[in-house]
Amino acid sequence: MEEIVLVSLGAFFAAALTVPAGFGLSTILTPLVLFLLPVHEAVAVVAVVHCAHNAGKYFALKEAVDFEAFRRYGIWLVGGSVIGALLQNQVPNDPLLLLVGIFLVILPILTISEKWTGYRIPESNDRLGGFGSGFMGGLSGHQGALRAMFLTRRLPDKMAYAATASVLALCVDLSRIPVYLFFRTEEISDEMTLIVVLVISALLGVRVGKKWLQSLKSSHIHNMVMFGIICSGIFYIFEALN
């Protein structure tokens, strides 16, 4: 019971932080749920929470959605998500953790290097970014950091970015969750109490996060979440190797 309370508190604060950042709920929440569940079940449970969180963000920020960006990324996100979710069921626990850990450590470094070099990802690569984000979302649940590399450059307005990111993430969640349910129906249904508690925590976090979005600089939150991503990646690598 104590573990569930701690994880639900983590879900609340993660949900609040990731409204202005536009990503990071799965990255912060999945390591916490891994203390309770095996990796495949943890990814599936967090996916349901992630879906509810993004639906809440969409309804809170829907007036700011940039539908042009949504059309540019959406179909590629969904295609990548379904393929990633199908492969997720085939990858054993430790290789999956190791793969995700390496990805989460390398990606922030690439983001920093772009700031150093001034290189801007061409808009012609947006489809690749959308597919890659969806694929990693389906495979591991960690979709937002890669999407942010592409989306933040197209949507400098923080409200438009947060709102559009929520819709794109929701598309990934709605496409990958049925795949998880098909392969792991019993395991997911056994964790309904945990799912309900985490969903309530995440939705409450959305209300706080919207206030933070209006009052805080999103770049500060973005950097905090990037730091959390690196820490999560190191944790996954350590768990996979030990």
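**Notebook: cavities and ring pairs**

I began with the lining of the largest cavity and found that α2 (25–33), α3 (39–61) and α7 (144–154) each supply at least two of its residues. Helices here are DSSP runs of H or I with at least four residues, numbered from the N terminus. The model is predicted, so I noted that local features need pLDDT of at least 70 and side-chain atom pairs pLDDT 80 or more, while totals for chains, interfaces and linings use all residues. Residues are numbered from 1 along each chain as its sequence is written, and side-chain values use heavy atoms, with hydrogens and water left out.

**Cavities**

I looked up the cavities of 30 Å³ or more and found two. A cavity is a set of points on a 1 Å grid over the protein atoms alone where a 1.4 Å probe fits but cannot get out; lining residues have an atom within 4 Å of a point. Volume is the space filled by probe spheres set on the points, which are joined across faces, edges and corners.

The largest cavity has a volume of about 110 Å³. It is lined by 18 residues, and Phe23, Gly24, Leu25, His50 and Gly144 are the closest to its centre. I noted that α3 gives the largest share of this lining, four residues. By class I read four nonpolar, twelve polar and two charged residues. Nonpolar covers Ala, Val, Leu, Ile, Met, Phe, Trp, Tyr, Cys and Pro, charged covers Asp, Glu, Lys and Arg, and polar covers the others, Gly among them.

The second largest cavity holds about 50 Å³. Among the residues that line it are Thr30, Val43, Leu97, His142 and Tyr236. The largest share, three residues, comes from α5.

**Aromatic pairs**

I then counted seven aromatic pairs. Rings of Phe, Tyr and Trp (its six-membered ring) pair if their centres lie within 6.5 Å; planes under 30 degrees apart are stacked, over 60 edge-to-face, the rest tilted.

Phe35 lies in the loop between α2 and α3 and Phe235 in helix α11 (residues 218–241), so the pair ties together parts 200 residues apart in sequence. Phe35 is exposed at 62% relative accessibility, and Phe235 is partly exposed at 22%. Exposed means over 50% relative accessible area, buried under 20%, partly exposed in between (1.4 Å probe, protein chains only).

I also noted that ring pairs link Phe35, Phe235 and Tyr236 into a cluster.

Key:
On a 1 Å grid over the protein atoms alone, a cavity is a set of points where a 1.4 Å probe fits but cannot get out, and a pocket is an open set with protein on both sides within 12 Å along at least five of seven lines; lining residues have an atom within 4 Å of a point.
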